[in-house]
Structure formats: structure tokens, C-alpha cells
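Here is a short briefing on one protein chain. Keep the sequence and the 3D view open as you read.

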Amino acid sequence: MKAVILAAGKGTRLRPLTEDKPKVLVEVDDKPLIEYAFDSLIDIGVTEFIIVVGYKKEQIMERYDDEYRDVPITYAHQREQLGLAHALLTAEPYVDDDFILMLGDNVFDANLGDVVNRQAEERADAAFLVEEVPWEEASRYGVCDTNEYGEITRVVEKPDDPPSNLVMTGFYTFTPAIFHACHLVQPSGRGEYELPDAIDLLIQSGRTIDAIRMDGWRIDVGYPEDREEAERRVRGHPIDPDTGAAE
């Protein structure tokens with residue numbers, strides 16, 4: 001299976017770490033973020049990477065060239081950062097079957113293989129790894145509603161009043177039908193083509209999207225403190241939520 005890795009963003013919230021490098025080359029425990037994505041994907045059998053690049057793309061392309069650990073790499077260029085749906089469309093020419101979509105700034109130690117297996121075994125139109133978060137944090141993410149069968153019935157991007165505390169984690173499987181939905185998306189209030197809007201179009205057209213609950217952990221490295229937490233996790237020293245100290 002191919003995997004599309006989104007790695008075009010500027011990472012403005014991570015500055016000054018991203019002033020001279022793309023976000024996915026910021027290091028966690030002396031290893032670039034994107035290599036955590038590569039290694040996780042290789043572990044579940046991915047056979048080709050399509051990397052969507054943009055900001056300071058030359059650094060990524062020069063560093064990895066056309067392969068990583070013998071897995072071939074193809075680059076797709078997002079010339080303007082206009083949202084995740086827009087970024088995904090740049091990879092469309094290189095994908096013709098079911099595929100994985102992964103955000104390049106997430107570090108996972110979780111059941112990613114369960115998502116791929118569900119896509120293959122149940123022939124769902126899509127499957128997402130989802131996570132329960134504290135209600136007060138849900139508005140930072142794409143929030144999911146599910147039915148009694150564990151199927152996603154609605155996705156809302158960063159809502160002021162979240163309908164649930166179940167959020168997308170940045171790891172998905174799709175059929176190529178997602179590209180058609182992305183073409184139909186209109187710009188959001190912030191002027192971007194939002195992936196949740198494309199997902200909602202899939203749902204409205206009768207497609208089945210399964211939610212797979214995360215078993216493990218992931219860190220979305222959006223701020224410097226997230227990078228610090230990711231380093232603690234990777235080293236096996238997560239923060240105790242009660243004391244705020246490393247365990």
C-alpha cells in the first residue's frame with residue numbers, strides 16, 4: 001500500500017525551530033519528525049511514500065532523495081498552503097488504489113495496523129484512527145460523531161462547541177473516492193480547503209467510514225512544548241497529568 005505524507009506546512013507555531021527548516025525536519029530525540037512517520041509506516045508494510053512538500057522543500061528532497069530504508073519516495077509539490085484537502089489533491093496523480101494518509105508532524109506509538117486491516121478486511125471506504133481527548137481540548141481538532149456501529153457520521157473542524165470528544169489523529173486510510181470529494185470542497189471561512197469538509201461529502205454520498213479507537217499514544221507536534229512531550233514519550237518518560245512532572 002502507498003502512503004501519502006503531508007509535509008508542506010511552515011510550522012509557524014513551532015518557531016524559532018522552523019525558521020530555517022521545514023516542520024517535518026524538526027528533531028525529536030535527535031530524529032526528524034518525518035522519520036517517525038517513515039518508520040511507523042514501514043512497520044505496517046507500506047511499499048511507497050508520496051511526500052507532499054512545500055515550505056523549504058529542497059531540504060527534504062536533498063536529505064532523502066528518492067528512497068528511505070529502500071522504500072521509494074515520490075514528491076508532490078503544494079505551491080500554496082491552502083489546506084489539507086488542497087494538499088492531498090497534489091498527490092492524486094500518484095495514487096490509483098486504497099492508500100494511507102498521514103500527517104508528517106505526528107509521532108505515534110499506536111495500533112496503526114488495525115486501521116489498515118479494517119480497510120482491507122471490511123472494504124470500508126475509509127478508516128480513521130481516532131482518540132478520546134478531554135472535552136476542553138476537543139476544539140483544537142477535527143471532531144467526529146459516530147453511530148452505534150462505530151461508523152463516523154460527521155466531522156467538524158475545530159468547532160467552538162464540539163459535538164463529542166472523539167477526534168481525528170492524523171492517520172487515515174482512503175479509497176481514491178476522497179480525491180473527487182476534495183475537488184468539490186469550497187474554501188472555508190479561513191480561506192482553506194478543509195479535509196473534514198471533503199470527508200463530510202463522502203459521508204453524505206453514502207460512503208462508510210470506520211472509526212478505530214487508538215490503543216497507545218500520539219503527539220501532534222504543533223508547539224515547542226509538544227516537541228518536549230514527544231521527546232519524553234519516546235524516551236519512556238511521559239508527563240504525569242496530576243503533578244506535571246516527568247514520570
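Which residues lie nearest the centre of the second largest pocket? They are Glu-131, Glu-137, Tyr-141, Arg-218 and Ile-219, out of 18 lining residues. Bear in mind that this is a predicted model.

**Second largest pocket**
- The volume of the second largest pocket is about 460 Å³.
- Strand S9 (126-132), strand S14 and helix H7 (224-234) each give two or more residues to its lining.
- S14 provides the largest share, 5 residues.
- By residue class, the lining of this pocket holds 10 charged, 7 nonpolar and 1 polar.

**Largest pocket**
- The largest pocket holds about 1,100 Å³ of space.
- Its lining has 40 residues, and those closest to the centre are Arg-13, Lys-23, Leu-84, Asp-105 and Lys-158.
- At least two lining residues come from each of strand S1 (2-7), helix H3 (84-89), strand S12 (166-174), helix H6 and strand S14 (216-220).
- S12 gives the most, with 4 residues.
- The lining of the largest pocket divides into 15 nonpolar, 13 charged and 12 polar residues.

**Helix pair H5 and H6**
- Two packed helices are described by the angle between their axes and the distance between the axes.
- For helix H5 (residues 177-184) and helix H6 (residues 195-204), the axes come within 8 Å and cross at roughly 115 degrees.
- The crossing of H5 past H6 is right-handed.
- On the H5 side, the contact uses Ala-177, Ile-178, Ala-181, Cys-182 and Leu-184.
- On the H6 side, the partners are Leu-195, Ala-198, Ile-199, Leu-201 and Leu-202.
- The residues of this contact count as 10 nonpolar, no polar and no charged.

**Salt bridges**
- Side chains of opposite charge can pair when their charged atoms come close.
- The model has 17 salt bridges.
- In one of them, the side chains of Glu-132 and Arg-213 meet at 2.4 Å, N to O.
- This pair links distant parts of the chain, with Glu-132 in strand S9 and Arg-213 in strand S13 (residues 209-213), 81 residues apart.

**Backbone details**
- Most residues other than glycine have a negative phi, and most peptide bonds are trans.
- The peptide bond from Arg-15 to Pro-16 is cis, with omega near 15 degrees.
- Pro-16 sits in the loop between S1 and strand S2 (27-28).
- Asp-29 has a positive phi, near 55 degrees.
- The loop that holds Asp-29 runs between S2 and strand S3 (31-32).

Technical notes
Residues numbered from 1 in each chain as written. Predicted model: local features only at pLDDT ≥ 70, side-chain atom pairs only at ≥ 80, totals over all residues. Heavy atoms only, no water. Axes fitted to C-alpha atoms, helices over the stretch in contact; angles between N-to-C directions. Left-handed = near helix turned anticlockwise from the far one by under 90°. Contact = heavy atoms within 4.5 Å. Nonpolar A, V, L, I, M, F, W, Y, C, P; charged D, E, K, R; others polar. 1 Å grid on protein atoms, 1.4 Å probe; cavity = no way out; pocket = protein on both sides within 12 Å on 5 of 7 lines; lining within 4 Å. Points joined across faces, edges and corners; volume = space filled by probe spheres on them. Salt bridge = Lys/Arg side-chain N within 4 Å of Asp/Glu carboxyl O.
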